[in-house]
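Please go through the points below with the structure open beside you.

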Amino acid sequence: MAEKLLLRALAGETLQTPPAWMMRQAGRYLPEYKATRAQAGDFLSLCYNPDLAAEVTLQPIRRFGFDAAIMFADILLIPQALGADLWFVTGEGPRLSTITSQADFDLLKPADPDVVHEHLAPIYETLRILSRELPDDVTLIGFAGAPWTVATYMIAGRGTPDQGPAHALKNGNRPLFEALLERITEATIEYLSAQIDAGAEVVKLFDSWAGSLKGDEFRRYALEPTKRIITELKARHPNTPVIAFPRQAGEAYIGFARETGADCVAIDNSVDADWAAANVQIDGCVQGNLAPSHLVTGGQALVDEVRRIKAAFSGGPHIFNLGHGITPDANPDNVTLMLETLRS
Ligand code: CP3
């Protein structure tokens, strides 16, 4: 059996048709996802139910035939494993207990492997089910949030437009801020390592808010923790590729793979594909970068943009994806059109 397309691209091979998957491919734009989520009760119950989490992971594979499946879970399960309270407010998003003082931090659990694995055992079970049930040509992707992005939620207790509370803690109590990043980094290494043991063939680090760190702080709090996680994972699992997604990194995408050891850099849609081909793809595989809004509007503009991105990255290894997650108002027919265009 030939090696899976996604793994070939991650190994640096230039393919005529790039492998494709979508961030948030299991999500509310699919009626079958909404039905299974209703069956689970709520979002977190779905994450911690291995049979149902595997089912929603498989739904977009069955419907569209993507080249990769990303396990169904959330980046905020790590804070919960460390003892933070976590809940989701429908229509608004996540809420967590906040960390703004040493006393708050002292309530967190240590990042011991046993602590992490006890809480996250259902996620590993989801991966084991998926390893058995996925078609032979589909790659299984595990993931975690990068430490800075996870910290922004732990500090503020919710999503924030400018990550203001996290910047305030960083500037006002740097030792505490750095201790929190360290705790998350250690837990993330154990979590991703166990995901690989449970069947993840690739892991991805989501640094959704990396773009709000500039200059030296980008290096210290986005690049360095990513590098540390990848270095440790490569020591334990040398053959498992890692995708890094320092969203909105802009110029800082240049050299990010080289410096962190990532096998692929995922780029958001604020970056032009021709620029990324010239400046980022020179170091290896890139993933991206269709604007999710095209899957709402569809039509000729979608077709033209898929062709343009495919052509821009055709000179090197490329994984076709969106620049960020697909939105609940997207039309599934546009996903079909996207894949038909890419593969024709
Ligand atoms: O299909 C997949 O991509 C796999 C599953 C996945 C989810 N979240 C499921 C989810 C993945 C990889 C994530 C990552 C994630 N979660 C990120 C990083 C990527 C990004 O989007 O920037 C972040 C920041 C989170 C935290 C999070 N989870 C937020 C802010 C929200 C609320 C916003 C929203 O989209 O509703 C979630 C909820 C969430 N995670 C949903 C899904 C499918 C929607 C929940 C629902 O069904 O009601």
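1. Start with proline 19. Leaving out residues up to four places away in sequence, proline 19 touches Leu5, Leu6, Ala9, Asp67, His318, Ile319 and Phe320. Contact here means heavy atoms within 4.5 Å. The residue is found in the loop between helix 1 (5-10) and helix 2 (31-40). Helices (H or I, at least four residues) and strands (E, at least two) are DSSP runs, numbered from the N terminus. Proline 19 is buried, with a relative accessible area of 0%. The classes are buried at under 20% relative accessible area, exposed at over 50%, and partly exposed in between, with a 1.4 Å probe and protein chains only. Proline 19 and alanine 311 are 292 residues apart in sequence, yet 14 Å apart in space, C-alpha to C-alpha.

2. A word on the basis. This is a predicted model, in which local features need pLDDT of at least 70 and side-chain atom pairs count only at pLDDT 80 or more, while totals for chains, interfaces and linings use all residues. Residues are numbered from 1 along each chain as its sequence is written, and side-chain values use heavy atoms, with hydrogens and water left out.

3. Please look at lysine 310. It lies in helix 15 (residues 299-312). Lysine 310 is buried but has no salt bridge. A salt bridge is a side-chain nitrogen of Lys or Arg within 4 Å of a carboxyl oxygen of Asp or Glu. The nearest side chain of opposite charge is aspartate 67, 11 Å away. For charge, Lys and Arg count as positive and Asp and Glu as negative; His and the chain ends are not counted. What is lysine 310 in contact with, leaving aside neighbours within four places in sequence? The list is Gln16, Thr17, Pro18, Leu342 and Ser344.

4. Two strands pair if DSSP finds at least two bridges between them.

5. Why is strand 5 largely enclosed by the rest of the structure? Six of its six residues are buried, so the strand counts as largely enclosed. Both faces are covered. Val202, Lys204 and Phe206 are buried on one side; Val203, Leu205 and Asp207 are buried on the other.

6. Check the partners of strand 5. Strand 4 (residues 139-145) pairs with strand 5 in the parallel sense over five bridges. In that pairing, phenylalanine 143 stands opposite lysine 204. Five bridges also join strand 5 (residues 202-207) to strand 6 (residues 242-246), again running parallel. Here valine 203 stands opposite valine 242, and leucine 205 has alanine 244 as its bridge partner. Strand 5, helix 11 (residues 215-236) and strand 6 make a right-handed β-α-β unit. Right-handed means that, with the strands pointing away from the viewer, the path from the first strand over the helix to the second runs clockwise.

7. On charge pairs, the structure holds 20 salt bridges. In one of them, the side chains of arginine 62 and glutamate 55 meet at 2.9 Å, N to O. Arginine 62 counts as exposed at 56% relative accessibility, whereas glutamate 55 is partly exposed at 25%.

8. Helix 11 takes part too. Glutamate 178 and arginine 220 meet in a salt bridge at 3.0 Å, N to O. This pair links distant parts of the chain: glutamate 178 sits in helix 10 (residues 174-197) and arginine 220 in helix 11, 42 residues apart. Glutamate 178 is partly exposed, at 33%. Arginine 220 is partly exposed as well, at 34%.

9. A further salt bridge joins arginine 236 to glutamate 232, with the closest N and O atoms 3.2 Å apart. Both residues lie in helix 11, four residues apart, about one turn of the helix. Arginine 236 is partly exposed at 35% relative accessibility, and glutamate 232 is partly exposed at 32%. Elsewhere, salt bridges that share partners join Lys170, Arg174 and Glu217 into one network.
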